[in-house]
Amino acid sequence: MTFGFVPSSAASMSASSTRADAFSDSANQLARMLEPAEWAAAGIPLLRNPREVVSGLHVRHRPAPETAIVAVLDAEERLRASASFARRASAADGWVFRNALLAQLRRVIPHDLRLRTPVRTAVLLYCREGDMRWTEEDGAWMWGLRDACTLHGLRCGAYITMTRDGWQVLGEGRGGRRPGLGSTPERFEGGEQPLPRVGGGASEVSRRAAAR
């Protein structure tokens with residue numbers, strides 16, 4: 001004798017709803033990322049001396065893999081504030097990254113929302129394993145940086161990746177072998193500038209981070 005049951009209509013609807021939610025969440029994540037061509041067409045201002053910026057952040061934060069460093073530069077490209085934090089999100093979601101970046105910016109520097117035109121620029125240095133080719137994770141960070149800058153009254157600046165092979169400014173084709181992940185920090189010759197407000201490295205990206 002064989003026993004069995006016919007799934008109820010409520011159970012079928014619940015399973016269907018779960019699949020639809022999962023599909024919708026995946027589609028939303030794909031929408032919250034920028035392709036390299038989109039980034040290049042966004043008119044991101046070029047850094048005059050990207051190696052100096054990268055070297056300065058590398059010396060100050062000594063980043064490990066999966067560490068993001070967000071920095072705010074003034075009109076003369078002098079560092080005014082920076083913060084580093086570890087990526088802890090399970091998926092590459094631009095919304096989560098945006099909220100994490102915005103939380104760090106709010107912690108280290110006042111917003112410029114009262115200005116008609118932004119005068120300060122935020123750049124992002126993300127350190128990861130792997131090669132230098134663009135990934136969907138990079139696309140999510142790009143989306144997050146652009147959105148966080150809008151909400152904090154800043155210009156969206158360069159997105160830079162750092163691996164063990166060196167660093168590169170995505171969308172520009174500029175980069176170098178040093179500094180890189182695991183390399184000894186070089187002495188920074190950034191000239192005279194005020195000591196920026198620097199955030200610690202203990203903050204984490206989580207889905208509980210929400211923009212106010």
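What share of the contacts in the protein chain with a separation of 6 or more comes from residues 24 or more positions apart? In this predicted model, such residues account for 74% of those contacts.

The protein chain has five helices and seven strands. Along the sequence these elements follow the pattern α-α-α-β-β-α-β-α-β-β-β-β. Of the 212 residues, 44% count as buried. The chain exposes about 11600 Å², and carbon and sulfur atoms supply 52% of that area.

Helix H5 covers residues 136-152. From the first C-alpha to the last, its 17 residues reach 24 Å, close to the 24 Å expected at 1.5 Å a residue. Because 12 of the 17 residues are buried, H5 is largely enclosed by the rest of the structure. The buried set includes the run Glu137, Asp138, Gly139, Ala140, Trp141, Met142, Trp143, Gly144 and Leu145; Ala148, Cys149 and His152 are also among the buried residues. After H5 comes Gly153, which has a positive phi, near 75°.

Leu34 sits in the loop between helix H1 (9-31) and helix H2 (36-40). Its relative accessibility is 6%, so Leu34 counts as buried, the cut-off being under 20%. The C-alpha atoms of Leu34 and Glu136 are separated by 8.3 Å, although the two residues are 102 apart along the chain. Leaving aside residues up to four places away in sequence, Leu34 touches Trp39, Trp134, Gly139, Met142, Trp143 and Arg146.

Conventions. Residues numbered from 1 in each chain as written. Predicted model: local features only at pLDDT ≥ 70, side-chain atom pairs only at ≥ 80, totals over all residues. Heavy atoms only, no water. Helix = DSSP H or I, 4+ residues; strand = E, 2+ residues; numbered from the N terminus. Expected span 1.5 Å × (residues − 1). Buried < 20%, exposed > 50% of the residue type's maximum accessible area, 1.4 Å probe, protein only. Contact = heavy atoms within 4.5 Å. Areas by Shrake-Rupley, 256 points an atom, 1.4 Å probe, with all protein chains shown as cover.
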